[in-house]
Amino acid sequence: MIRLRKKSVEFLIQSSQQLQATPLVKYTALSLFADRFLPSVNTLLKQGNELGSWLLRSMEDSNLQLFALISIWISSKIHDSRALSVKSLKPLGDKFIKDQHFTTRDFLEAEVVFLQVLNFEIGTSNVAFIFLEELFIRFKRMAKVGELVSFEACMDVMDLLYEKEETSILFSSPRSLAASILVTSYVVTVPKQQFEFPVLPWVKFVTSYKEEDIIEKVKDILRHVFEPHC
């Protein structure tokens, strides 16, 4: 399941780029898919529950990739004034999902199944990206050095953390993760000679999280960001 998770999350990220989805749509989709759908399906499988739909009975690459596209579709419906349609999603599936050809009817069924697994709870109040964006905007307004912090780096870090199974648990605390990613980006992208702003005390002030807790998460993030890849 770990390999399948990584591959399907990477597919979701790449598909978001292909579809030119906004960051908000992309990260809401990741939250729905990686933080909620995959763990729920995994729990159902471990409990030996009857999964019903044929789309859930075999958790292969193709099925998970279909559900990744469904998460983008649902997220677009939540956030976009002109939401993506099956007509825009299906050609992407036809092109990149190699092991299975999914029909328009399959997409419609997959949407219902996805929502059933989530018990139709698709609120976006705990999406780490939303907290990160709010913190980033406040930081830029507060400190001149905020102009040097790369929001692209923040999103790259978030992508990497989503792709790794061992760091997925960090998303269970989206607010503290957002604060930790902002500090990580500050450390990585701001030149050391311009480290004059007390970023940790500021984060503690605006989030009420302990500095030592943020430091531990930042260390963990940096360890995964800079670990060698085979």
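Mentor: In this predicted model, F171 is a buried residue, its relative accessible area being 5%.

Trainee: Which ring is F171 paired with, and how is the pair classed?

Mentor: Two quantities decide the class: the distance between ring centres and the angle between ring planes, with planes under 30 degrees apart counting as stacked. The rings of Y162 and F171 have centres 3.7 Å apart and planes at 20 degrees, so this pair is stacked.

Trainee: Is Y162 buried or exposed?

Mentor: Y162 counts as buried, because its relative accessibility is 1%, and residues under 20% are placed in that class.

Trainee: How many aromatic pairs does a search of the whole structure find?

Mentor: The search returns 11 aromatic pairs. One of them joins F129 and F151, with 5.9 Å from centre to centre and 55 degrees between the planes, and is tilted.

Trainee: Which parts does the pair of F129 and F151 tie together?

Mentor: F129 belongs to helix α7 (residues 128-142) and F151 to helix α8 (residues 151-163), so the contact ties together parts 22 residues apart in sequence. F129 is buried at 2% relative accessible area, and F151, at 17% relative accessibility, also counts as buried.

Trainee: Which residues do ring pairs link into a cluster?

Mentor: The cluster consists of Y27, F129, F136 and F151, linked by ring pairs.

Methods:
Residues numbered from 1 in each chain as written. Predicted model: local features only at pLDDT ≥ 70, side-chain atom pairs only at ≥ 80, totals over all residues. Heavy atoms only, no water. Phe/Tyr/Trp six-rings, centres within 6.5 Å; stacked < 30°, edge-to-face > 60°. Helix = DSSP H or I, 4+ residues; strand = E, 2+ residues; numbered from the N terminus. Buried < 20%, exposed > 50% of the residue type's maximum accessible area, 1.4 Å probe, protein only.
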